[in-house]
Amino acid sequence: MIIVLKPDITKEEIEHLTEKIKAWGLTPVVSKGIERSIVGVIGEEDVLRSQPLEAFPGVEKVIPILAPYKLVSREFKSENTVIDIKGISIGGKRIVNMAGPCSIESYDQLKGIAEHVKISGAQVLRGGAFKPRTSPYSFQGLGEEGLKMLREIADNLDMAVITEIMDPRDLGLLEKYTDIIQVGARNMQNFTLLKEVGQSKKPVLLKRGISATVKELLMAAEYILAGGNFQVMLCERGIRTFETATRFTLDINAISVIKQKSHLPVIVDPSHSTGKWNLVAPAAAAAIAAGADGLITEVHTSPEDAFSDGEQSLLPDRYSKMIDLIGSVAKAVGREI
Ligand code: PEP
Ligand code: MN
């Protein structure tokens, strides 16, 4: 439920209203807009039906939110959320490019890749230090040692950092090194982890689960917003279908569906969704044409030697060509890179 406040509501009246809402066992979330402020009410709303909310001073009207996700919905916030990370806007007119290796393997490996993607125009450096691998015998990541490399190399190149969290106990550690916390596909419904990152002040990129519906993705994001962290980006990274020609199936529809249903930025991962380097650029172009706010792409200087996901990693010059391609597409749809 959304309570729309009158433009001239006083601080005391807002406080009176939010205290009452808390007393009914619900959580009020005040969102201050330019023209109007609103209060989103989270929790079992039935109790509100018997309350004369419109009789409260300063309340203009009460609108029920029909979607099961409240804070994430466009009904709650009609304008797009724009997240600012060190001067990089995500969700505005400009497309954001995040790129780097699947895994951080060594200082020199990461530095070489970072320098290339920076020249091509990427603003955010990606690299996994804790890797969710199908096999327990595969490379699991360098842990904190890798995070240190990521931070140092990104700082030297004036780039922001994104890296994946796997364990809620690592939140403090990750917060020390990263600008964006990535919650991977395999953890999209790890509710303990979602609640934990909901307490963080760092922006979160939430990847769609391999078999998750858009509604489940939005409900997962709701956990993070309900914890107080509104800086969330949603990532379409391909879903599992009967098709085996590609690693996953990029759900292009999901981009516009999410954009219609939610105010949160949408990032597309053309690497994991295709699983093949020669399909990455066309998938990226399609994503931008469909309205994605950015891309997260795997790049490697020596894909055949990569510790993980070499077959879907672009060589730097191919990444550069991909950026040129998406630049033209962005222009055609009224965006810029
Ligand atoms: C990744 O980005 O490295 C990754 C593991 O992605 P996903 O969670 O989408 O599989
Ligand atoms: Mn990967």
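Residues are numbered from 1 along each chain as its sequence is written, and chains are lettered from A and ligands numbered from 1 in the order in which they are written. Because the model is predicted, local features need pLDDT of at least 70 and side-chain atom pairs count only at pLDDT 80 or more, while totals for chains, interfaces and linings use all residues; side-chain values use heavy atoms, with hydrogens and water left out.

**Barrel**

Strands β7-β8-β9-β10-β11-β12-β13-β14 form a closed barrel of 8 strands with parallel pairing. Neighbouring strands of this sheet are turned by 25° against each other on average, direction ignored. Helices (H or I, at least four residues) and strands (E, at least two) are DSSP runs, numbered from the N terminus, and two strands pair if DSSP finds at least two bridges between them. The parallel strands β11 (residues 204–207) and β12 (residues 232–236) are joined by 4 bridges; Leu-205 has Met-233 of β12 as its bridge partner.

Cys-102, in the loop between β7 (96–100) and α2 (107–120), and Asp-309, in the loop between β14 and α10, are 207 residues apart. Both Cys-102 and Asp-309 are buried (under 20% relative accessible area; exposed is over 50% and partly exposed in between, with a 1.4 Å probe and protein chains only).

**Aromatic contacts**

Rings of Phe, Tyr and Trp (its six-membered ring) pair if their centres lie within 6.5 Å; planes under 30 degrees apart count as stacked, over 60 as edge-to-face and the rest as tilted. The count comes to 4 aromatic pairs, including the two below.

| Pair | Centre to centre | Angle between planes | Class |
|---|---|---|---|
| Trp-24 and Phe-56 | 6.3 Å | 80° | edge-to-face |
| Phe-139 and Phe-307 | 4.9 Å | 80° | edge-to-face |

Phe-139, in the loop between β8 and α3, and Phe-307, in the loop between β14 (294–298) and α10 (316–332), are 168 residues apart. Phe-56 is buried, with a relative accessible area of 11%, whereas Phe-139 is partly exposed at 22%.

Note on methods: Axes fitted to C-alpha atoms, helices over the stretch in contact; angles between N-to-C directions.
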